[in-house]
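User: Hi! I'm new to this one and would like a friendly walk through it. Could you show me what we're looking at?

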Amino acid sequence: MNLSYAWLYDTVRARFDSDAALEALLPRALEPDELARKGDDRYLSAMTQRVFQAGMQHTVVDAKWPTFETVFAGFAPEAMARLNETDIEHYMHDTRIIRDRAKLRTLPLNARFILDVCQEQGGSFGTFIARWPVSDTIGLWRLLAQRGARLGGRSAAGFLRLAGKDTFLLTSDVVARLIAAGIITREPGSQRDLRAVQDAFNALQAESGRPLCQLSALCALSIHPAF
């Protein structure tokens with residue numbers, strides 16, 4: 001079975017009272033110029049938020065994030081890159097934040113990653129993210145997993161979604177739709193399976209003109225109406 005956009009949209013639309021009700025539920029991605037304008041501190045904040053979300057209730061982390069912003073003074077990469085073990089130990093005694101030593105240690109590592117990319121590209125991290133083609137989203141996931149700290153698995157896509165970059169997510173419902181369509185046979189782990197997923201989303205985007213984040217949501221809604 002091929003996964004056509006017409007079938008996908010009609011299947012999901014039938015579960016809503018109106019076009020507007022469906023559209024209101026679909027996520028939105030930032031435009032490239034908006035991504036480029038965002039400060040590097042916002043990307044480090046989103047990376048760190050995603051790292052802390054892993055294995056925890058997202059709502060718990062999200063509720064504390066304004067406090068994290070205060071404690072870490074806005075996540076300026078230059079300052080965060082200088083954090084050492086003494087600093088990490090200090091934060092482990094700060095009851096205002098979630099005290100997870102392994103996750104706190106990702107802060108200087110991801111700050112250095114951002115600064116390295118800026119130096120390599122001769123521009124901001126936001127410009128780097130904005131210019132990366134969505135037709136090779138899995139390539140960006142791979143780079144984040146290889147060069148970032150704790151940004152492997154679903155965390156790369158989770159970070160990009162928090163940052164506003166267009167990306168699809170491989171939730172259990174999305175994977176179930178892709179399996180039902182015969183695109184993959186199991187949760188994708190190999191680069192071959194991920195390429196098949198990327199090709200399927202690229203085809204849906206060419207057919208519909210919709211961003212990947214909305215196509216991903218439609219796949220999930222076709223399996224689980226509550227999304």
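User: Which helix gives the largest share of the lining of the largest pocket?

Analyst: That's α12, with 5 residues in the lining. Keep in mind as we go that this is a predicted model.

User: Which other helices supply at least two residues of that lining?

Analyst: Besides α12 (155–163), the helices that each give at least two are α4 (40–53), α5 (58–71), α11 (137–147) and α14 (191–208).

User: And what volume does the largest pocket have, and how many residues line it?

Analyst: Its volume is about 550 Å³. The lining is made up of 25 residues, and those nearest the centre of the pocket are Gly153, Arg154, Ala156, Ala157 and Gly158.

User: How do the lining residues divide into nonpolar, polar and charged?

Analyst: For the largest pocket, 11 are nonpolar, 8 are polar and 6 are charged.

User: What about the second largest pocket, how much space lies in there?

Analyst: About 170 Å³. Its lining has 8 nonpolar residues, 3 charged ones and no polar ones. Among the residues that line this second largest pocket are Leu30, Glu31, Trp132, Lys165, Asp166 and Pro211.

User: Let's go back to α4. How many of its residues are buried?

Analyst: 12 of its 14, which leaves α4 mostly covered. The buried ones include Asp40, Tyr43, Met47, Arg50 and Phe52.

User: What span does α4 reach from its first C-alpha to its last?

Analyst: α4 reaches 20 Å, close to the 20 Å expected at 1.5 Å a residue for its 14 residues. Just after α4 comes Gly55, with a positive phi of about 80 degrees.

User: New topic: how many disulfides does the structure hold?

Analyst: It holds 0 disulfides. Take Cys219, which is in none: the nearest cysteine sulfur, that of Cys213, is 12 Å away. A disulfide would need the two sulfur atoms within 2.5 Å.

User: Is Cys219 buried or exposed?

Analyst: Cys219 is buried, with a relative accessible area of 0%. Cys118 counts as buried too, at 12% relative accessibility.

User: Which residues is Phe201 in contact with?

Analyst: Leaving aside neighbours within four places in sequence, Phe201 is in contact with Phe168, Val174, Leu178, Leu212, Leu215, Ser216 and Cys219. Phe201 lies in helix α14 and is buried, with a relative accessible area of 0%.

User: How far apart are Phe201 and Leu215?

Analyst: They are 14 residues apart in sequence and 7.4 Å apart in space, C-alpha to C-alpha.

User: Last one: where is Ala200 found, and what is it close to in the fold, say Ile183?

Analyst: Ala200 is found in helix α14. Ala200 counts as buried because its relative accessibility is 13%, under the 20% cut-off.

Methods: Residues are numbered from 1 along each chain as its sequence is written. This is a predicted model: local features need pLDDT of at least 70, side-chain atom pairs count only at pLDDT 80 or more; totals for chains, interfaces and linings use all residues. Side-chain values use heavy atoms; hydrogens and water are left out. Buried means under 20% relative accessible area, exposed over 50%, partly exposed in between (1.4 Å probe, protein chains only). On a 1 Å grid over the protein atoms alone, a cavity is a set of points where a 1.4 Å probe fits but cannot get out, and a pocket is an open set with protein on both sides within 12 Å along at least five of seven lines; lining residues have an atom within 4 Å of a point. Grid points are joined across faces, edges and corners, and a volume is the space filled by probe spheres set on the points. Helices (H or I, at least four residues) and strands (E, at least two) are DSSP runs, numbered from the N terminus. Ala, Val, Leu, Ile, Met, Phe, Trp, Tyr, Cys and Pro count as nonpolar, Asp, Glu, Lys and Arg as charged, and the others, Gly among them, as polar. The expected span of a helix is 1.5 Å times one less than its number of residues. Contact means heavy atoms within 4.5 Å.
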